[in-house]
Amino acid sequence: MHPVGRALVHNLLTLPGSIGWSNGGSVVRAEDLLVDVSAEIVDDARRFYAVRPAGRGPRTVEELIKVRSARAVAAPSDPSASVDIVQADQVQVPVRIFTPANVAPRGVYMDIHGGGFYMDCAARDDVRNHELAAALNIAVVSVDYRLAPEHPWPAAPNDCESVARWLVADAQARFGSSRLVIGGRSAGATLAMTTLLRLRDSGDVDEIDGVALQFGTFDLSAQTPAGRHIADEYFLEAYVGHVADRTVSDISPVYGDLHGLPPILMVVGAKDVLLEDNLAMASRLCAAGNDADIRIYPESPHGFTGHPTAMAQSALDDINSWLLDRFASAPH
């Protein structure tokens, strides 16, 4: 990474007081970015999280194996997903596909699931993705990327890039639309961002209409104040424990060259351990001249859009509205 970019990240994350940045002569602070929701929704979130224990990922490979075995299989969607295989560089990447019934898709959403790079699968999001396809009249393609520690970096970003390139090449023929938005949650948001940077570096980013990032992990180096919040998490060892320099942008995109990207939506909770990480990423995206919209939801921890709260529904409605705007934008 260029020294100027590294210094900018450091400065953004070590300023005393409120985190903020300059925008047209005024100072934007984290509290200014809170989404305006009703007091009833905020109170509902407070009540829900007051009795919900805070979660933490597995701390060893033994715990990971137990957690994987114990996690309940998600309820199947009706209809079920169609499954395809994307062939790339002697690797087969499974994808799960939903399309709207009785109408041509207005675009394609490439979904990348979360799970710390070492848990979960695309099938766990089948119900959510079926509902998304029906609600927005879009095709949803979810990536079953390989998991760490069995397949550490760069396996997951390689798989996601392969699916993105398949969609860039074949979405029009397969789904009747070349409009393409990429999105993900948590680790999936990180992989969405690294996929975007790979496409930009190869000259294909103009084929992407937008990127929706929900509470991503953008610094896996543990060298910034934001990154040190998760320095002891086992998923780092599982995913990039073999890498000497974790500030490379394909691992920690906050350190990357972020110019020339399509519109980006960032969603994060005010009580997420990754809030500072997301603010730093938003700052660097804006400094690079991108259209980056970060929305912070009150009283919400990591993963909140997957919880049964009115706050989660409000955020999902906002994301859907943003996605519709991207699919309605001028064609390539």
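## Burial and overall make-up

A residue is called buried when its relative accessible area is under 20%. By that criterion, 52% of the 332 residues of the chain are buried in this predicted model. The accessible surface of the chain amounts to about 14500 Å², and carbon and sulfur atoms account for 51% of that area.

The secondary structure consists of ten helices and ten strands. Taking contacts between residues at least 6 apart in sequence, 78% join residues that are at least 24 apart.

## Cysteines

The model contains zero disulfides. A disulfide is a covalent bond that joins the sulfur atoms of two cysteines.

C121 has a relative accessible area of 29%, so C121 is classed as partly exposed.

## Valine 86 in strand β3

V86 lies in strand β3, which covers residues 82-88. With a relative accessible area of 4%, V86 is buried.

Which residues does V86 contact, once its neighbours within four places in sequence are set aside? The partners are V91, Q92, V93, V95, S162, V163 and W166. One of these, S162, is 76 residues away from V86 along the chain, yet the C-alpha atoms of V86 and S162 are separated by 7.4 Å.

T309 is located in the loop between strand β10 (292-297) and helix α10. The relative accessible area of T309 is 7%, and T309 is therefore buried.

When residues up to four places away in sequence are not counted, T309 touches D44, F48 and Y49. A further pair shows how the fold brings separate stretches of sequence together: T309 and A45 are 264 residues apart along the chain, while their C-alpha atoms are separated by 6.3 Å.

## Helix α10

Several positions of α10 are buried.

Definitions and conventions. Residues numbered from 1 in each chain as written. Predicted model: local features only at pLDDT ≥ 70, side-chain atom pairs only at ≥ 80, totals over all residues. Heavy atoms only, no water. Disulfide = S-S within 2.5 Å. Buried < 20%, exposed > 50% of the residue type's maximum accessible area, 1.4 Å probe, protein only. Helix = DSSP H or I, 4+ residues; strand = E, 2+ residues; numbered from the N terminus. Contact = heavy atoms within 4.5 Å. Areas by Shrake-Rupley, 256 points an atom, 1.4 Å probe, with all protein chains shown as cover.
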